[in-house]
Amino acid sequence: MVRLVRNLLGLPFEVLGGLLGMLGVPATVSLLKAAWWLNGNGSTALKALAQLRRHLGHEAALLQAHAWLASRPRPEVAAYAGLLHLEENELGEAGACLEQGRQLGRDRDGNLELLEYLLACMGPDPAAAEQAARDMESRRDLNSTTRKLILERRLWQELVARRLDAVRDYARRLLEVSVNPQASVALWAVCRAEGHDRQAERHLLDAAMPEPQCWYFRYIAAEAVGADTEAAEALQRLREADRGLADRAEAARAFREARG
Amino acid sequence: MTLLMALTLLPGLVIGLTFHEMAHAWSASLLGDDFARRQGRVSLNPFRHLSLLGTLAIFLLPFGWAKPVVVNLYNFRHPKRDYLLTSLAGPAANLLVIALCFGLMQLTRHSYAFGPVGAVLLDLAHAFLVLAVLINAILATLNLLPIPPLDGSKIWPVLIPGLRPDFGGKWQRYSILLLLVLLWTGAIRPLFRYTVEAVYRIVPVTDSERFEESLRQGDEAYDRDDYARAVERYTAAIEINRGSPEAYRNRACARWGQDRFEGALADINAAQKVRPLPADDLAFRADVYDQLGRPDEAALDRAAARAMGWQPGPATQTAPATEPSTAPRVQ
């Protein structure tokens, strides 16, 4: 009953805040903060933090998230703060947010798992990310962002392992939901490996990505199926576009070769 | 929309929305996506599904809505097919509710089988079921429209070759406005009316409706002095509801019109078995006794009627022998 009354009190602020947010009016921040203050729902806090970030910037959102974590801790807020830390490459702080979020209970939106997965991906150990993808793949309750990232990573794992049927299956699942340049690049590689050059070109047309990502993924794909000429060309173009990313791509290849 | 009307619609709408959203969440879970389950949506608890704003809207507008079930397509093995099935589950659940209501109506339609109090309760229950059926039919129909975020916007693009569902909901913001305008202006009402009329045609008729109809037909025949037809319709009404003094009393009047005084007396006595006779009916029976040549009983009834405050009208002094002093009038 108390919860219902609090939700009722917060409702006008949340609705109005949502409408103003759609129109890009900065007053949305104050309204959503008031709604969160009244109803105490983690999802409202997330909306308020997202608008805060949009209008006042990353730093302000992070400060506010930590202030709320101290005064009214919610797992949703902890996950959001962790994701903000990740954007700044602050893995330690993000890890602490993940721990705090787990202790606070279950995050219904599934952002804690996203944080967990991204932490594994951004950590120093490439094997950790691969293992995280394998471990989390069997989970059926992840949110779409996390699940998509995992499917994409599994797609590349299968391509590197040259299990082409599995690659095709992952690519189909990704492409059935939306346009996915990574899946299209992977299918290009599969078709190249099988000698279907015309089909391969068609997949490449669907793989529109900004530089340097397009060369990064084409390098990995070509290298995985032994298309050496394309791999060399993609690496060259990648180096021209982003030397750091080219080094990472080569390091990843070296890591795979070392692992056998 | 009046508060009373909103409160009348509320139970059917809450049931319809709860089953609808639960069906989406449950089917998604069956097909491999437990995200909705994680959010507590695989439940028949209405509070898990009802949106506060959507529920309050029922009191202001002629419609309401629930929180949409978030489906993660990446959890599906066959995203397109499974999303289609998940989307179809909502309207299918509304059809299931309709079928359940029709099943229950087979009980509630025979209201007179459970005594007078039971009849009132069952009539109320039947009215509630009819409303639930109509609301669920509207929900199922409305949701098949191809306007995001309605289910039809996910169903038709999958079924029609060459179209692609708007999984990302790019146009949802604008289509919600379009939908609100359609509902607000009543532009969509012909569809609702057609649905309601089509469904109402197959709603089982209750005994009380049949009874009322027979009684009405009897009254019309009586007013035309077609006493044979009136007796026939009142008899039909009595066969449906043997506990109605009104039906016996009216048939007694019609039989009086046919000069069948024994039958009229039997009917008034049958009415008396159901409930004590009011003064008018006692006076009427006194007239019947007179016609049957039983003055002592007529005098007793007339005295009892007078004791209850009945006053013979001036017309009775000059009334022809075939007209009773109370001028029989169907009630």
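## Close-up views of a predicted model

**View 1. The largest cavity and its lining.** Helix 14 of chain A makes the largest contribution to the lining of the largest cavity, supplying 3 residues, in a model that is predicted. By class the lining holds 3 nonpolar and 3 charged residues, with no polar residue. The volume of the largest cavity is about 40 Å³, and the search of the whole structure finds 1 cavity of 30 Å³ or more.

View 2. In helix 12 of chain A, which spans residues 197-205, Ala200(A), His203(A) and Leu204(A) are buried. These residues lie on the same side of helix 12 of chain A because they cover an arc of only 100° around the axis. Arg198(A), Arg202(A) and Leu205(A), on the other side of helix 12 of chain A, are exposed. The packing partners of the buried residues of helix 12 of chain A are helix 11 (181-194) and helix 13 (213-224) of chain A.

**View 3. The largest nonpolar core and the surroundings of Trp156(A).** The largest nonpolar core has 49 residues, of which Leu155(A), Trp156(A), Leu159(A), Val185(A) and Trp188(A) touch the most other members. At least two residues of this core come from each of several helices, including helix 9 (144-160) and helix 10 (164-177) of chain A as well as helix 1 (3-30) of chain B. Helix 13 of chain A gives the most to this core, namely 9 residues. When neighbours within four places in sequence are set aside, Trp156(A) is in contact with Gln182(A), Val185(A), Ala186(A), Phe217(A), Ile220(A) and Ala221(A). Another core, of 33 residues, lies apart from the largest one and has among its members Tyr222(B), Val231(B), Ala270(B) and Val288(B).

**View 4. The second largest pocket.** The second largest pocket holds about 1,200 Å³ of space, and of the 36 residues that line this pocket, Arg153(A), Tyr216(A), Ile220(A), Arg248(A) and Ala252(A) are the closest to its centre. Two or more lining residues come from each of helix 7 (111-122), helix 8 (126-137), helix 9, helix 13 and helix 15 of chain A, with helix 15 of chain A giving the largest share, 9 residues. The lining of the second largest pocket divides into 19 nonpolar, 5 polar and 12 charged residues.

Definitions and conventions: Residues numbered from 1 in each chain as written. Chains lettered and ligands numbered in written order. Predicted model: local features only at pLDDT ≥ 70, side-chain atom pairs only at ≥ 80, totals over all residues. Heavy atoms only, no water. Buried < 20%, exposed > 50% of the residue type's maximum accessible area, 1.4 Å probe, protein only. Helix = DSSP H or I, 4+ residues; strand = E, 2+ residues; numbered from the N terminus. Arc of directions from axis to C-beta. Contact = heavy atoms within 4.5 Å. Core = buried A, V, L, I, M, F, W, Y, C linked by side-chain atoms within 4.5 Å. 1 Å grid on protein atoms, 1.4 Å probe; cavity = no way out; pocket = protein on both sides within 12 Å on 5 of 7 lines; lining within 4 Å. Points joined across faces, edges and corners; volume = space filled by probe spheres on them. Nonpolar A, V, L, I, M, F, W, Y, C, P; charged D, E, K, R; others polar.
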